[in-house]
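I opened this entry to record what I looked up, element by element. The notes follow the order in which I went through the structure.

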Amino acid sequence: MQTPFVEEHLEADALQAFAAYLAAQGYSESGIQKRLQLDELSGLRLDRYPIYLRGYLSQGLVIDKLIAMFLLQGALQFEAAGDLLGADRRDFLLKLGMLQRLEDGRVVSAVSLYPCLGRVFATDHRFRHLPRLRASAPAEPVMYLGGDSYALARLTPRGPVGSTLEIGVGSGVHSILARAHSQRVVGIDINPRALAFAQLNALLNGVPDIELRQGDVYGPVAGERFDRILSNPPFVPSPEQRLAFRDGGPSGEDVLARIVAGLDAHLADDGLCQIVTHLVHHGGSYRRKLEGWLGSTRWDSCIHDFGRLTPFDYAVDQVKSSFGQSYPDYRDELLRWIAGYMQQGIAQVGAGVIHLRRHPGPGRAWHCEEEVLPPRAAAGDRVLALFQRRDRVEQLDDEQLRGIHAAPPAGSELERRQPLTGGKPSFRFRTAPGPLQRTLDLQGHIVALLEALPQASDAGAACDAVSAQGHPQALLLRTLRAMLELGMLEIVA
Ligand SMILES: C[S@@+](CC[C@H](N)C(=O)[O-])C[C@H]1O[C@@H](n2cnc3c(N)ncnc32)[C@H](O)[C@@H]1O
């Protein structure tokens, strides 16, 4: 198997010391974002490399030299690499194969290093823009940490669990992060190169005891169940099957559908599955699609939806990102992709995270789709809170619901907008600030409930007051439930 590392030189202590050195120099998401003037590390763009390298990074700062070398595919003279890393560490990394010497004697990194949540992960280079990088391109590269990787990492709850399974480990990012809060972690990938990177990254991050298995989807864990199942599968609807980390078949759903279909056999009864994916919409409801794959309507599902594109805009993003084509090649490739999308009947392509669990109570399973921005910080607790809110509301019958005291959570806002031309005002509600914050347009009876609640003795009295304005009680109770489920209200007593 082709990997850049020499197995006999995978020394755990030396690798961990290297990771500690990077962290001590400020090689973190926020540290790098600040130096490259990025909102998000995943927003790194090849067409801005000259600006990063000549405009933002300075030759004198250690952090800048590390960014140039380990993120932007820069080269350093042999002695300068020793000055930067220490001669011993440079020589160790050369022996290991993580650093390589060019014919002219300069030293380059064979991998990119992406920080995530206090850890660091080696991957293949995202961009192969230089002839030397093209010449050394692996047939099946190990994926860089993209916006999808960061979104899943940030939306994973970090409270203790027994076991976690990751399907499609790539660099190992989710398995390695999960080991801090899971007693046992199993990571599967079809690409042996990915498993070699995951093994290296496990040593780099001091978590050598994750179980890495090569295989297809659930193949290597037949008969096993897990408390958590995580995946960032190959999800791009693609007319070609060129890259294992990207291409998800003509619909994009080949691997995704199999992961969802296998949940009943592999997820523990009270387990949670989280999948970051592009969401291919054919015009029908996504809930029905999930139920079709699950073969059951007994599953709760929540989608955090980061936004949608037309198939045309989506195809442009996919095709142009491959770089290096002439215009006629780009045009022909684009038209081929679009023809594939038309054939599949793809109406829109979104991006987001799907959370799935078996419905715990006797009531009906639910589905929600929440339009949010991709999280910029860890927000796993907010995902759990979403499920807990729904569980709590389901347990209340209408009489109990009327007896609660509820108020908007701290930091949430009701915004009144008066049209300049006169007429009725419109209202918007912003849920508590931070990751997964939502902005909701409100109808009149919701505003009336929000205004009545602080003055009423309990929620029932607020409903009575609003009902006197002509809104049916049944509608108000349903609205109250929805407001609690959405996090517009929380129960205070
Ligand atoms: C989008 S990458 C995700 C990598 C990493 N988990 C992350 O989030 O950055 C998808 C990974 O799934 C792997 N993969 C593709 N098809 C697979 C299959 N049928 N079974 C298992 N793994 C698969 C690819 O090799 C790749 O490493």
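I started with an open sheet of three strands, which has the order β1-β3-β2 and antiparallel pairing. I noted that β1 (75-76) and β2 (99-101) are the edge strands, each pairing on one side only. I took strands (E, at least two residues) and helices (H or I, at least four) as DSSP runs, numbered from the N terminus. I counted two strands as paired if DSSP finds at least two bridges between them. β2 and strand β3 (residues 107-109) pair in the antiparallel sense over three bridges. I found leucine 99 opposite serine 109 in β3.

**Model and numbering**

The model is predicted: local features need pLDDT of at least 70, side-chain atom pairs count only at pLDDT 80 or more, and totals for chains, interfaces and linings use all residues. Residues are numbered from 1 along each chain as its sequence is written.

**Domains**

I looked up the division of the protein, which gives domain 1 (7-116), domain 2 (147-383) and domain 3 (396-491). The bounds come from an automatic or database domain assignment. I have the C-alpha centres of domain 1 and domain 3 at 51 Å apart.

**Eight-stranded sheet**

I then traced an open sheet of eight strands, in the order β8-β7-β6-β9-β10-β12-β11-β13, with mixed pairing. β8 (211-214) and β13 (367-371) each have a single partner strand, so one side of each edge strand has no neighbour in the sheet. On average, neighbouring strands of this sheet are turned by 15° against each other, direction ignored. For such angles I used axes fitted as lines to C-alpha atoms, for helices over the stretch in contact, with angles running from 0 to 180 degrees between N-to-C directions.

Strand β10 (residues 267-281) pairs with strand β12 (residues 348-358) in the antiparallel sense, over nine bridges. I noted valine 349 in β12 as the bridge partner of valine 280. Helix α10 (residues 192-204) lies across β7 and β8 and runs at about 170° to β8.

**Ligand shell**

Which residues come nearest to the ligand? Of the 24 residues around the ligand, they are Ser149, Gly168, Gly170, Asn191 and Asn232. Near here means that the C-beta atom, placed from the backbone, lies within 6 Å. α8 (147-155), α9 (173-179) and β7 (182-189) are the elements that give two or more residues to this shell. I sorted the shell residues into 15 nonpolar, seven polar and two charged. In this sorting Ala, Val, Leu, Ile, Met, Phe, Trp, Tyr, Cys and Pro count as nonpolar, Asp, Glu, Lys and Arg as charged, and the others, Gly among them, as polar.

**Helix pairs**

The axes of helix α2 (residues 29-36) and helix α4 (residues 62-70) come within 11 Å and cross at roughly 90°. My classes were roughly parallel under 35 degrees, roughly antiparallel over 145, roughly perpendicular from 65 to 115, and oblique for the rest. Gly31, Ile32, Arg35 and Leu36 in α2 meet Ile63, Asp64 and Ile67 in α4, contact being C-beta atoms, placed from the backbone, within 7 Å. The residues of this contact divide into four nonpolar, one polar and two charged.

Helix α16 (residues 380-395) and helix α20 (residues 473-486) pack at about 155°, with their axes 8 Å apart. The two are therefore roughly antiparallel to each other. Arg389, Arg390 and Val393 in α16 meet Arg481, Leu484 and Glu485 in α20. I classed this contact as two nonpolar, no polar and four charged residues.

The axes of helix α18 (residues 444-452) and α20 come within 11 Å and cross at roughly 75°. That makes α18 roughly perpendicular to α20.

Key: Contact = placed C-beta atoms within 7 Å.
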